[in-house]
Amino acid sequence: MDTRRKKNILIIALLIAVLTMSISYALLSQQLEISGSAKINTKEWNVKIVKVEDVATQGNAEAGSTDHTGTVASISPVFYTEGDSVTYSVTVENQGSIDATLDSITSAVSTTEGTNYPNVEYEYEGIKATDILKAGDSVKFNVTISYVKADQEVTTAVQSDPTKIVTLTSTLVYVQSSK
Amino acid sequence: MKNKKLVPIYIMLVLYIIINFLVSFTSFSSLFLNRLNPILLAIICIVTYQLDSSRNRNRNKIPKLQNFIIYMLLYVVIFYLFGLVFGFYKNIYSLSFRGILSNFFSFYLIVFFQEYIRYKLLINSKTNNNKFLITLLFIIVNINLYYLIKLDNSLDIITYLFGDFVPIVIMNITCTYLSSNISLIPSFIYMGIIYGINFFSPIIPDLNIFVNCLMLLILYMFITTSVDGLIILDNRKYNKRDVKKNKSPFMYILLFITFFFLLFVFGFFKYKPIVIVSNSMEPIFSKGDIIIIEKKNTKDFNNLKINDIIYYRYDNKYITHRIHDIKGNSNSYRYITKGDNNDNVDEWEITDKDVYGKYIFRIKYLGWPSVYFSELFN
């Protein structure tokens, strides 16, 4: 069999491999580990959080620290007593050339009180899934995190420390708008 | 420049770059980039059409094309197999019929216009200086100058450098090589596959940006070695002077070592290196040391015991401390940890799902460059 023919057979075998992988991945999509969306910005796609700042506090709460990278924002208010709350303003900009739609917001809360932390509540105002952020536009929304009465016993290693530092990490998942 | 017909095309490309940059500052940049950009490039393509195509004197294109296609398909297979290890992310580009059509016209078609223009310029240019100039011109065409000036922190700069800029450079060098040594078609196929994955694949392997860059570089090395080898055989057959030299095997060895080192660093294998950035575990290990951890899977959790040193995630940070106490039962353990050099136990409890791995051994001082680098950019 000459070299050219062997290479053609190899090419066909690789094409079949690619096709098989495509079908397998489509059928097994539930088992694949698929996370949110692209983390890399390009000249076409560039949606990111540009500012996170505290706007209001209730009770004895302190604004604490904030951080943001890409479309992930972390806020860490400091609470002292039940009823304390802090409101933050988050600004998102679409610096790319493609309109974006908010697909979802995922939130994760961590505290210093071990694994039981149902005593904080958070609420987003001014943003929801399916909101469109056009290219060149920006959107500002508020997130309020409150220290409410505990529903269940909380395990804490340092009982005498009255401060409760919580961290709310919000991940905004944007996709290209199809409208 | 000996071929004066190329001058207007160079001027048009430079104007194209300037217009793109200036329009980016205006409010209708999105409209321009999505709708007018392809039209501008199409106009340049029409002007380029009048250049002579018969100057492509590359012989034996079929064997070169076959080798190239084999390496491209291998790249796709390996790229998606890596997704089984690193995970996937959902494509942000719309996969509706309207979305695909819009993206094809706005972004995908541009790639083919650019490659056509590049090919015509290359086959009508004789010197290597011209090839370098053409490659540089198309690198500038592809990078986003407006986005460059908006980078405002070190993390953004590094992410842009290795996530966008370096891949653009490697891809343009590869396309120049393909167009010069084979023909237009492999250049189309190469860009078509690379951009096709980004625009039209429902899921994309979530590779680290450094691994992605290295994969593109390895692909370039294999393509060029294979095609250069065929050119050498060709020259010998026609008794022509060997103008191409076989690449040193040392280059490949170095590339592979770098590639597997990157895979090791980013956790592809069972053991992973971690740089220590605090002295909380002195004297076992200190800031600037590298420790090797063994990644844990679920069935190994029952083997963790008090005094084991574990690597875990808490509050968006990774911490390496010793297990001080274990609570709970085999269904759900909770670990209380403590740094050997700390007076008190840690104020938190962690669960099985937070534990990433277990400490095996340390390498002293080797992590200091990473510590300096990290502190510099923080």
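Colleague: Of the 378 residues of chain B, what percentage count as buried?

Modeller: This is a predicted model, and in it 28% of the 378 residues of chain B count as buried. Chain B holds eleven helices and nine strands, and its C-alpha atoms fill a box of roughly 80 × 55 × 40 Å along the principal axes.

Colleague: Which domains does the assignment give for chain B, and what distance separates their centres?

Modeller: The domain assignment gives domain 1 as residues 6–210 and domain 2 as residues 271–377 of chain B, and the centres of these two domains, taken over C-alpha atoms, are separated by 44 Å. As for contacts in chain B with a separation of 6 or more, 72% of them are accounted for by residues 24 or more positions apart.

Colleague: How should I read a helix with a buried side, and which residues of α1(B) are buried?

Modeller: The general idea is that an α-helix has 3.6 residues a turn, so residues three or four places apart point the same way. Helix α1 of chain B, residues 6–23, has 18 residues and reaches 26 Å from its first C-alpha to its last, close to the 26 Å expected at 1.5 Å a residue. Its buried residues include B:Ile9, B:Leu13 and B:Asn20. They lie on the same side of α1(B), because they cover an arc of only 45 degrees around the axis.

Colleague: What covers that side, and which exposed residues does the face turned away from it carry?

Modeller: The cover over the buried residues of α1(B) includes α2 (29–49), α4 (97–123) and α5 (128–142) of chain B, whereas the face turned away from the buried side carries the exposed residues B:Val7, B:Pro8, B:Ile11, B:Leu15 and B:Ile18.

Colleague: Why does B:Ile92 count as buried, and where does this residue lie?

Modeller: A residue is called buried if 20 or more other C-beta atoms lie within 10 Å of its own. B:Ile92 counts as buried because it has 23 C-beta neighbours inside 10 Å. The residue lies in the loop between β1 (88–90) and α4 of chain B, and its C-alpha atom is separated by 8.6 Å from that of B:Pro202, although the two are 110 residues apart along the chain.

Colleague: Turning to sheets, what is the strand order of the open sheet of seven strands in chain B?

Modeller: The order is β3-β4-β9-β5-β6-β7-β8, with antiparallel pairing. The edge strands, each of which pairs on one side only, are β3 (271–275) and β8 (349–351) of chain B, and neighbouring strands of this sheet are turned by 50 degrees against each other on average, direction ignored.

Colleague: What order do the strands take in the open sheet of four strands in chain A?

Modeller: That sheet runs β2-β5-β9-β7, again with antiparallel pairing. Its edge strands are β2 (47–58) and β7 (120–125) of chain A, and the twist averages 20 degrees from one strand to the next. Within the sheet, nine bridges join β5 (residues 85–94) to β9 (residues 138–147) of chain A, and A:Ser89 stands opposite A:Asn142 in β9(A).

Colleague: How many residues lie between the strands in the hairpin of β3(A) and β4(A)?

Modeller: There are two residues between the strands, and A:Gly70 takes a positive phi near 60 degrees in this hairpin. Six bridges join the antiparallel strands β3 (residues 62–69) and β4 (residues 72–79) of chain A, and A:Thr66 stands opposite A:Ile75 in β4(A).

Conventions:
Residues are numbered from 1 along each chain as its sequence is written. Chains are lettered from A and ligands numbered from 1 in the order in which they are written. This is a predicted model: local features need pLDDT of at least 70, side-chain atom pairs count only at pLDDT 80 or more; totals for chains, interfaces and linings use all residues. The expected span of a helix is 1.5 Å times one less than its number of residues. A residue is buried if 20 or more other C-beta atoms lie within 10 Å of its own, exposed if 12 or fewer, and partly exposed in between; C-beta atoms are placed from the backbone. The arc is that of the directions from the helix axis to the C-beta atoms. Two residues are in contact if their C-beta atoms, placed from the backbone, lie within 7 Å. Two strands pair if DSSP finds at least two bridges between them. Axes are lines fitted to C-alpha atoms, for helices over the stretch in contact, and angles run from 0 to 180 degrees between N-to-C directions. Domain bounds come from an automatic or database domain assignment.
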